[in-house]
Amino acid sequence: MKDVEVDFECRFPHVPGIYNEEQVRAWKKVVDSVHAKGSVIFCQLWHVGRASHQVYQPGGAAPLSSTDKPISQRWRILMPDGSHAIYPKPRALNHSDIQDMVEHYRQAAINAIRAGFDGIEIHGAHGYLIDQFLKDGINDRTDEYGGSIENRCRFIMQVVKAVAMAIRPDRVGVRMSPAIDHLDAMDSDPPKLGLAVIERLNKLQLELGSRLAYLHVTQPRYVAYGQTESGRLGSEEEEAQLMRTWRRAYQGTFICSGGFTRELGMKAIADGDADLVSYGRLFIANPDLVLRFQINAPLNKYVRKTFYTQDPVVGYTDYPFLDSRKQKLSSRL
């Protein structure tokens, strides 16, 4: 299965959108090509929230978030001229804004299905808008969207329900990362937060009479920009146990991602810690990753500096496939 990341309001550099008819038509060409290869493709709906800059906002307005606190100067945003700047102070969404945002997610999901995507993934992780509501290290609201875990989960559940009712629950995946502090997304109790989201997703599935497509959770060992995140919970075994707790609590298909090798992925499946394992960086560098895993072939090394560029070739379609001799070997397996 392929998963493409889409900012449905384009508030981040070089990110495709899915909010107008031209974009829907363009995505249909991509989706049709993927289907022609016999694969499945989901559209990940992503709103960056405060992880943006005035230069990318309509009329030079402040980015939107759950809060008016900016991301710390530990982080930088890529500017149009290739330089990096500090993140500006965002504007906290009011009640009307929040309802408009829920509708934006719903319409983006409808657009994705119209474009032919097999489903969508709601990006509720890694310090972006939904995570900015979930984490108490960011969310400092005093209304019904802040404070208690119940309140902080309100926005994500409104989004998931609206999208599921619009395109069917079995076409909707949800991604979360309670234990990841990317872009200052810290929480005082990640295990409790993860279970709170899962509990509400389980209840929503009962209410809707259908399971969601999956829940996708990033491992605490996730590494960003080549450096381990500072929010590690403890030993690798403690972190693995946390993922098992979430996996056993969730009533549906459970996907893990974040730093998996071939061996770690196989172990997670064999141990029942996940139903599916997601690979990102390894897939970018190895267009035939499934085949390489199948025959245990060496992997191409990814080049991090070419990630997240607008170049249509360099870093995306220029990594080599296995040679023909190894291809023939695989056909006999």
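User: What is the angle between helix α2 and helix α5?

Analyst: Helix α2 (residues 95-114) packs against helix α5 (residues 154-167) at about 35°, with the axes 9 Å apart. Axes are lines fitted to C-alpha atoms, for helices over the stretch in contact, and angles run from 0 to 180 degrees between N-to-C directions. Helices are DSSP runs of H or I with at least four residues, numbered from the N terminus. The model is predicted: local features need pLDDT of at least 70, side-chain atom pairs count only at pLDDT 80 or more, and totals for chains, interfaces and linings use all residues. Residues are numbered from 1 along each chain as its sequence is written, and side-chain values use heavy atoms, with hydrogens and water left out.

User: Which residues of α2 meet α5?

Analyst: Among them are Ile98, Met101 and Tyr105 in α2, which meet residues of α5 including Phe155 and Val159. Contact means heavy atoms within 4.5 Å.

User: Why does the span of α2 agree with its 20 residues?

Analyst: The expected span is 1.5 Å times one less than the number of residues. The 20 residues should therefore span 28 Å, and the end C-alpha atoms are 29 Å apart, which agrees.

User: Which residues of α2 are called buried?

Analyst: Buried means under 20% relative accessible area, with a 1.4 Å probe and protein chains only. The buried residues of α2 include Asp97, Ala108 and Asn111. Of the 333 residues of the protein chain, 50% count as buried.

User: What caps the N-terminal end of α2?

Analyst: Asn94 does, with a side-chain oxygen 3.1 Å from the backbone nitrogen of Ser96. A polar contact is a pair of N or O atoms within 3.5 Å, one able to donate a hydrogen and the other to accept it.

Note on methods: Helices (H or I, at least four residues) and strands (E, at least two) are DSSP runs, numbered from the N terminus.
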